[in-house]
Amino acid sequence: MDFDDVLANRRMVRHYLPDPVPPETVDRIAAVVRRAPSAGFSQGHRLLVVTEPATRARIAELAEESYYTDRGAPPWLSVAPVLMVLGICEDDYHARYTRPDKLVDGEEMEWPAPYWWVDSGALLTLIQLTAINEGLATGFATVRAKDELAALLGIPPEIAVVGLITVGRAHPDALAPADRARLRALRKPFGDLVRHESWKDGAPPPDRGPAAST
């Protein structure tokens, strides 16, 4: 798929067909973990792929799928044929940045931002784009019951669960025309998002990008 088409189709989907995804396709999507940004090559990313229906159903419970279904939305976490638990190991970052080539005056640097969370967001986006390139769709859900999820899946304590990525074929009704119109109405002006040279005085660039999505 052309990259512009991939970007144009990037959106969060919460309505899936139950059709299984071929294992080789799942493997190609998961393999982008090797290409995701990783500060200092810390390699703190972790992915756990779940396809077993009963486990997916239990994960959906822990992720409070009922929040959506109680409001009339279709089930999505339990229906999506692939769930990827996105995790990060912060310890890997500290281990990397206490090695001699990363020390600042003999000490680990003061982190200007928690790079592990930044890198997790980058991996999420790469998984989304790769899935779209495979003709699939993705969504993302947070999990408040992280201890229960970790116990269910045997996730060790040093891995922090960031959230769940759903992967599957989008239902034809995944984004109805009314939803598209609602999102267009919510779209902020491009100049509110991008400026050149100075935020106060810089003029916004012309909006030549693809249509925004959620």
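Trainee: How many positive and negative side chains does the protein have, and how far apart do the centres of the two sets lie? After that, please take me through helix α6 (residues 115-133).

Mentor: The model is predicted, so local features need pLDDT of at least 70 and side-chain atom pairs 80 or more, while totals for chains, interfaces and linings use all residues. Numbering starts from 1 along each chain as its sequence is written, and side-chain values use heavy atoms, without hydrogens or water.

The protein carries 24 positive and 30 negative side chains, and the centres of the two sets are 6 Å apart. Lys and Arg count as positive, Asp and Glu as negative, with His and chain ends left out; each charge is placed at NZ of Lys, CZ of Arg, CG of Asp or CD of Glu.

The protein has 8 helices and 4 strands (DSSP runs of H or I, at least four residues, and of E, at least two, numbered from the N terminus). Their order along the sequence is α-α-β-α-α-β-α-α-β-α-β-α. Of the 214 residues, 36% are buried (under 20% relative accessible area; exposed is over 50%, partly exposed in between; 1.4 Å probe, protein chains only).

Helix α6 has 19 residues and spans 27 Å from its first C-alpha to its last, close to the 27 Å expected at 1.5 Å times one less than the residue count. Its buried residues include W116, D119, L123, L124, I127 and I132. S120 also lies in α6 and is buried because its relative accessibility is 2%. Beyond residues up to four places away in sequence, S120 touches H45, L86, G87, I88 and V162 (heavy atoms within 4.5 Å). After the helix comes G135, with a positive phi near 85°.

The structure holds 7 aromatic pairs (Phe, Tyr or six-membered Trp ring centres within 6.5 Å; planes under 30 degrees apart are stacked, over 60 edge-to-face, the rest tilted). Y97 and Y115 are edge-to-face, because their ring centres are 6.5 Å apart and their planes stand at 80°. This pair links distant parts of the chain: Y115 belongs to α6 and Y97 to the loop between α5 (90-96) and α6, 18 residues apart. Y97 is buried at 6%, whereas Y115 is partly exposed at 24%. Y115 also pairs edge-to-face with W111, at 5.1 Å between centres and 90° between planes. Ring pairs join Y93, Y97, W111, Y115 and W116 into a cluster.
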